[in-house]
Amino acid sequence: MAPVSVVVVGAGERGTGYARWARDHPDRASVVAVAEPREVRRARFAAEHGISAGNAVPDWRQLASRARFAEAVLICTQDRMHAEPAEAFAALGYHILLEKPMAPDEAACRRIVTAVEKTGVMLAVGHVMRYTPYSRAVKAIVESGQLGDIMSVQHLEPVGFWHQAHSYVRGNWRRSGLAASMLLAKSCHDLDWLAWILGRAPLRVSSFGALTHFTAANAPAGAADRCVACPVEASCPYSAPRLYRGLLERGEHGWPLSVVVEDFSAGSLDEALRDGPYGRCVYACDNDVVDNQIVILDFADGATASLTMTAFAPPSLIRRPALRAASFASSS
Ligand SMILES: NC(=O)c1ccc[n+]([C@@H]2O[C@H](COP(=O)([O-])OP(=O)(O)OC[C@H]3O[C@@H](n4cnc5c(N)ncnc54)[C@H](O)[C@@H]3O)[C@@H](O)[C@H]2O)c1
C-alpha cells in the first residue's frame with residue numbers, strides 16, 4: 001500500500017513529533033506540506049522532510065485555498081485554533097487527525113462534526129493514550145471478562161509538579177481563556193480513556209477543583225518574580241534554571257526544553273530564563289487553571305468512576321530518566 005500523503009498544520013511540538021514518526025515510517029506516511037508561522041520552525045521542518053518552498057507556508061489558509069493535494073491533514077495548532085482549519089480541510093476532502101481537545105466549546109465541536117459528516121472524511125482526535133501498550137493491555141483484560149463486571153474505577157492523573165509548572169503555570173495552558181480548562185486541556189485524555197476502557201459513556205458527570213498552590217499568596221518570603229534573580233531559588237522545587245539547565249546539560253533537547261528555546265545553547269537558555277515566560281516565578285504568573293481536581297462519573301448500570309487530577313505528584317512517576325533526574329535534583 002502506498003504511504004498516506006499528509007499536510008501538517010502547525011510545526012510546533014506535536015506537529016514535529018507526528019512528522020518525525022512519518023519520516024521514520026516512510027512506508028506508512030509521507031509529509032508533503034507544512035503551514036507554520038514561526039520561520040525557524042518552518043524552515044527546519046521543511047529541510048527535515050524535503051518539502052519544497054512552495055509547500056512550506058506561514059498560514060494554513062494558504063494550503064486550504066488550493067484544491068486538495070494530499071490525503072490527510074494533521075491539525076496541530078493550539079487549542080483555540082482547531083475548529084476553523086478542521087472545517088476548511090474537511091470541506092476540501094482531507095481526512096483529519098485533529099489534536100485534542102477538539103475545541104474549547106460545544107458549538108465549535110459540533111461544527112467540526114457537521115463538517116466531516118458532510119464530506120464523509122475520517123476524523124480522528126489525538127487521544128493518544130488509547131494506543132499505548134499499557135492501555136491496550138488494560139482494555140484486553142477488561143474485555144476478556146476475567147475481572148467480572150467493572151463496578152468501580154479509581155483513576156489518577158498525576159500531572160507532576162514540574163509538568164504543572166511548565167505547562168499549566170508558566171506555559172501555554174496556564175489560562176483557560178487562552179487555551180482550555182484543565183479538564184479539557186489535560187484530563188480529556190483521562191475521560192476518553194475511562195469511557196473507552198469501560199466501553200460506555202457516563203450518564204452523569206460532576207466535578208470540583210481549585211487553584212490551590214500556584215498563587216501569589218504562597219510565594220516564599222523574599223521570592224523574586226524571576227528565578228534568575230531570586231534569593232530563594234536554590235531551595236525552590238520549581239526552580240526553572242535547575243530544571244531547564246539540567247535538561248540542557250544532559251543533552252535532553254526534546255520536550256519540554258524545545259518549548260523554551262529554539263537553539264540549544266547556554267546563551268539562548270539564559271536569555272529565555274531572563275526574559276521569557278518559562279523563567280517566571282510560579283507564584284508570580286498570570287495562571288488561572290486548577291492544580292487539583294476531582295471528577296465523578298455515574299454509569300447507566302450503577303458503575304461509578306472517579307478521576308483525580310493533581311499537580312502534586314512525586315517525581316518517581318515521571319517516565320523519562322533525564323526528566324526524573326532533573327526533577328529529583330529539583331526536589332532535593
Ligand atoms: N495528544 C496529546 O497527547 C497532546 C499533547 C500535548 C499537546 N496536545 C495538543 O496539541 C496541540 C498543539 O500543541 P503543541 O504543544 O504542539 O503546541 P505548539 O504551540 O508547540 O504548536 C502549535 C503550532 O501552531 C502554529 N500556528 C499558529 N498559527 C498557525 C497558523 N495560522 N497556521 C499554521 N500553524 C500555526 C504555532 O506557530 C505553533 O508552532 C494543542 O491543541 C495541544 O493541546 C496534544
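How far from an oxygen atom of the ligand does a backbone N or O atom of Arg 14 lie? The distance is 2.8 Å. The protein covers 86% of the 850 Å² of accessible area that the ligand has on its own, by the Shrake-Rupley method with a 1.4 Å probe.

A word on the source: this is a predicted model, where local features need pLDDT of at least 70, side-chain atom pairs count only at pLDDT 80 or more, and totals for chains, interfaces and linings use all residues. Residues are numbered from 1 along each chain as its sequence is written, and side-chain values use heavy atoms, with hydrogens and water left out.

Back to the ligand. There are 26 residues around it, and Arg 14, Glu 36, Arg 38, Asp 59 and Asp 79 come nearest; a residue counts as near if one of its heavy atoms lies within 4 Å. A nitrogen atom of the ligand is 2.9 Å from an N or O atom in the Asp 59 side chain. For a polar backbone atom of Gly 126, the distance to a ligand nitrogen atom is also 2.9 Å.

Now the serine. Ser 207 sits in strand β8, residues 204-210; strands are DSSP runs of E, at least two residues, numbered from the N terminus. Ser 207 touches Leu 183, Gln 293, Ile 294 and Val 295, leaving aside residues up to four places away in sequence, where contact means heavy atoms within 4.5 Å. A polar atom of the Ser 207 side chain lies 2.9 Å from the backbone oxygen of Ile 294.

Conventions: Helix = DSSP H or I, 4+ residues; strand = E, 2+ residues; numbered from the N terminus. Polar contact = N/O pair within 3.5 Å; in protein donor to acceptor, adjacent residues only side chain to side chain.
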